Protein chains: 2
Amino acid sequence: MVEHEDRLSRVFSALADPTRRDMVARLAAGDATVSELAAPYDVSLQAVSKHLKVLEDAGLVSRSRDAQRRPVHLDAEVFDLMTKWIERYRQQAEERYQRLDALLDRLQGRDNDESKDKGAAG
Amino acid sequence: MVEHEDRLSRVFSALADPTRRDMVARLAAGDATVSELAAPYDVSLQAVSKHLKVLEDAGLVSRSRDAQRRPVHLDAEVFDLMTKWIERYRQQAEERYQRLDALLDRLQGRDNDESKDKGAAG
DNA sequence: CCGCTACTCAACCAAACGGTTGACAACGCC
DNA sequence: GGCGTTGTCAACCGTTTGGTTGAGTAGCGG
């Protein structure tokens, strides 16, 4: 897998880690510096810095500069990319399910003579 | 990380792979067997089988039995889990953004005397 | 300018991931 | 009952990931 081929993969991959998800959750409440973000976790600052790089590469956060500090900001737009992907296939799956449901209804309506007797088959 | 600690991590992680996302996309159109799913990809059947295990462990698909075949079915409910997580923090981030926006508006309204003259500072 | 604070870069390591091949289990069919 | 089909399990392998430590950079404050 040479590298992550597309944005969507990077986003999903970034959010697959509970620490990173927690960071995103906290950043939703407001920007924070690297040390502030690192505080609650029992890992080195370098590890947190790496996590932030992953989030940044995924386009989920951006970092600016304030003296020595690097305030981290959540870019919520990328969420749309995921939501769209998810919704698309969920809807498709649901529609299919409903069509199947409707079909079963019709079959039952048409052949309810048989279904009454042998409906438990399969 | 020993193992994936929670469901959400497994789901995001499962969808971080483009092949698995493609499988989900195709399964949204209808159930399929392992070989059917494997056909378009240039990997072994075993690799596809592994991918399906990942999707199954994440609760994204379920597998039944039909003779030698193992039809794979998409379980779209898990999508809700993701959507809820995403929407929660996106909304939070957006609300924060709007509050900030409103605050800036108010500040501008109050001090527009100064901002007219020295607004280009920085 | 020196030192402290805040953070990043580089090298390294163990574990997990995605792929392979080989063996084998489950089932329908002749 | 043996054979082909369909799929899984196991062992192995190279790359990626998430963590570590050590060194270095950037900027403020005395």
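## Basis of the description

Contact means heavy atoms within 4.5 Å. This is a predicted model, in which local features need pLDDT of at least 70 and side-chain atom pairs count only at pLDDT 80 or more, whereas totals for chains, interfaces and linings use all residues. Residues are numbered from 1 along each chain as its sequence is written, chains are lettered from A and ligands numbered from 1 in the order in which they are written, and side-chain values use heavy atoms, with hydrogens and water left out.

## Architecture of chain A

Chain A contains six helices and two strands, taken as DSSP runs numbered from the N terminus (helices: H or I, at least four residues; strands: E, at least two). Their order from the N terminus is α-α-α-α-β-β-α-α. Of the contacts in chain A between residues at least 6 apart in sequence, 48% join residues at least 24 apart.

Chain A has 122 residues, 38% of which are buried; buried denotes under 20% relative accessible area, exposed over 50%, and partly exposed in between (1.4 Å probe, protein chains only).

## The interface between the chains

The size of an interface is often given as the accessible area lost when the parts come together. Chain B and chain A bury about 2,800 Å² between them, and 64% of this lies on carbon and sulfur atoms; the buried area is the accessible area (1.4 Å probe) that two parts lose on being put together, summed over both. Each side is represented in the contact, with 34 residues from chain B and 34 residues from chain A.

Twelve residue pairs are in polar contact between chain B and chain A (both at pLDDT 80 or more). A polar contact is a pair of N or O atoms within 3.5 Å; within protein, one must be able to donate a hydrogen and the other to accept it, and residues adjacent in sequence count only if both atoms are side-chain atoms. On the side of chain B that touches chain A, at least two residues come from each of α1 (7-15), α2 (18-28), β2 (72-74) and α5 (77-110) of chain B. The most is given by α5(B), with twelve residues.

## Salt bridges across the interface

Six salt bridges link chain B and chain A, each being a side-chain nitrogen of Lys or Arg within 4 Å of a carboxyl oxygen of Asp or Glu. In one of these pairs, B:Asp6 meets A:Arg21 with the closest N and O atoms 2.8 Å apart.

A:Asp31 pairs with B:Arg96 at 3.3 Å between the closest N and O atoms. This pair joins two chains because A:Asp31 lies in the loop between α2 (18-27) and α3 (34-38) of chain A and B:Arg96 in helix α5 of chain B. A:Asp31 is partly exposed at 41% relative accessibility, whereas B:Arg96 is buried at 17%. A:Arg96 and B:Asp31 also form a salt bridge (3.4 Å, N to O). Here A:Arg96 is in helix α5 (residues 77-110) of chain A and B:Asp31 in the loop between α2 and α3 of chain B, so two chains are again joined. A:Arg96 is buried, with a relative accessible area of 17%, and B:Asp31 is partly exposed, at 42%.

## Local features of chain B

Within helix α4 (residues 45-57) of chain B, B:Lys53 and B:Asp57 stand four residues apart, about one turn of the helix. Their salt bridge brings the closest N and O atoms to 3.4 Å.

B:Thr33 lies in the loop between α2 and α3 (34-38) of chain B and counts as buried at 13% relative accessibility. Not counting residues up to four places away in sequence, B:Thr33 touches B:Arg69, B:Arg70 and B:Pro71.
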